[in-house]
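Here is a friendly walk through one model, to read alongside the sequence and the 3D view. We start with some backbone details and finish with a ligand.

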Amino acid sequence: MAWPSARLVRLLAVLAIMPTAVWAGFVLTHAKIKPSIAHGPLIAAHGDVACVACHMRTPGTVRQQVQAQVRYVLGMRQTPVDFGYAEVGSEQCLACHARPNERHPIYRFREPRFAKAVEQVDARSCLGCHSEHVPQIVTVEPTLCRACHEDLKVKNDPIDTPHERLVSLKKWDSCLGCHDFHGNHPVSSPTRMAEALPALKIWSYFQGGDDPYGSPKFYEGKVQ
Ligand code: HEC
Ligand code: HEC
Ligand code: HEC
Ligand code: HEC
Ligand code: HEC
């Protein structure tokens, strides 16, 4: 029986991956050479967070993973193998950042009524607005509130330029000047526009500059 050449090529490709998997495993667990492989450094606040807190090992040894991948290539297995490390997801973030007072919990936005909104800003995942190995603390525009608050009206509105007016003027860069997103800072929103944080400070924070909301926070990320 002739060996199908396309299969042979795929099998060789699998064998070529093997050393990479071994190498990646080594690098991810050895502190001294860690920074050389990452896309970019971690954000400063994650200085003490271990690689494996976000990059969880997938089940099985490298040998088992390679065997499973060979079965996949030969058509004896339905799905390919996640080599060594699983994709990073919200579960890893929540292991350190779950908070009972979350103002915008990600699970809420899986409801169908937010389908249009999450096309603009994927609020169903931490990684819709945050990343890692990039300088940015927040990776979306500071005008993100617009995706969900376009119908905003506040009864007995206490602020000097009412919310309805801010919305009609499209002042979407003003919101974060008076409200944080997660509700994790114990400060009350000011009622005068003049007391709001300037949009530039928020933009600069998003780009990796100083945190304008300051300490304390209700909940800090867990330290391992
Ligand atoms: C706070 C969570 C977090 C920590 C800690 C972290 N990473 Fe990542 N890493 C991510 C995320 C999210 C991505 C995917 C985003 C991207 O492609 O840049 C990623 C992507 C990567 C990639 C690219 C993988 C790919 O499939 O594209 C490598 C390599 C990597 N990280 C290595 C490291 C190393 C080494 C460390 C320790 C110094 C580390 N990471 C620590 C979250 C983290
Ligand atoms: C829709 C966008 C969006 C999503 C989704 C999102 N964030 Fe944020 N996050 C922000 C914005 C905007 C800020 C800056 C304002 C603030 O501090 O609330 C921020 C700030 C933070 C901060 C620093 C301030 C604090 O509260 O301690 C942490 C930590 C954080 N996010 C973690 C997470 C985690 C974990 C998830 C997923 C469970 C997540 N975020 C999902 C937009 C988002
Ligand atoms: C993906 C949709 C979505 C986005 C994006 C979003 N919000 Fe919200 N927000 C909501 C929902 C839903 C509620 C809850 C409203 C309710 O319970 O009636 C809410 C509530 C709030 C509240 C009231 C919270 C409370 O405890 O009473 C504030 C303040 C707020 N959002 C500010 C913001 C700001 C500022 C932004 C932009 C940084 C923003 N939101 C972005 C969906 C969103
Ligand atoms: C000058 C400060 C200021 C600005 C700018 C501002 N808000 Fe507010 N906001 C307040 C205050 C004060 C309240 C009422 C007290 C509270 O809920 O903190 C409030 C209340 C809210 C509420 C709760 C409404 C309710 O019925 O409970 C939401 C949602 C909200 N703001 C969203 C926004 C969005 C979105 C923007 C941007 C278009 C924005 N705010 C801009 C100060 C501000
Ligand atoms: C092992 C625990 C741990 C994990 C996992 C983790 N964090 Fe953090 N994070 C921290 C600590 C500790 C801080 C610093 C204290 C604080 O600001 O709460 C922090 C701070 C932050 C900040 C604030 C940065 C700033 O400069 O203001 C953001 C945003 C953030 N984390 C997002 C994430 C996201 C998104 C993920 C998942 C990809 C994640 N974290 C995973 C522990 C963790």
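K170 sits in the loop between α8 and α9. Helices here are DSSP runs of H or I with at least four residues, strands are runs of E with at least two, and both are numbered from the N terminus. This is a predicted model, in which local features need pLDDT of at least 70, side-chain atom pairs count only at pLDDT 80 or more, and totals for chains, interfaces and linings use all residues. Residues are numbered from 1 along each chain as its sequence is written, while chains are lettered from A and ligands numbered from 1 in the order in which they are written.

Although K170 is not a glycine, its phi is positive, about 60 degrees. H133, also not a glycine, has a positive phi of about 65 degrees, and H133 belongs to the loop between α6 (115-120) and α7 (146-149). Most residues other than glycine have a negative phi, and most peptide bonds are trans.

Are these residues buried or exposed? K170 counts as exposed because it has 11 C-beta neighbours inside 10 Å, and H133 counts as exposed because it has 10. The cut-offs, using C-beta atoms placed from the backbone, are 20 or more others within 10 Å for buried, 12 or fewer for exposed, and partly exposed in between.

## A cis peptide bond

The bond from S215 to P216 is cis, with omega near -5 degrees. P216 is in the segment after α9 (199-206).

## Around ligand 4

Ligand 4 is surrounded by 22 residues, the closest being H149, S174, C175, C178 and S189. A residue is counted if its C-beta atom, placed from the backbone, lies within 6 Å. Helix α8 (residues 163-168) gives the most to this shell, with three residues.
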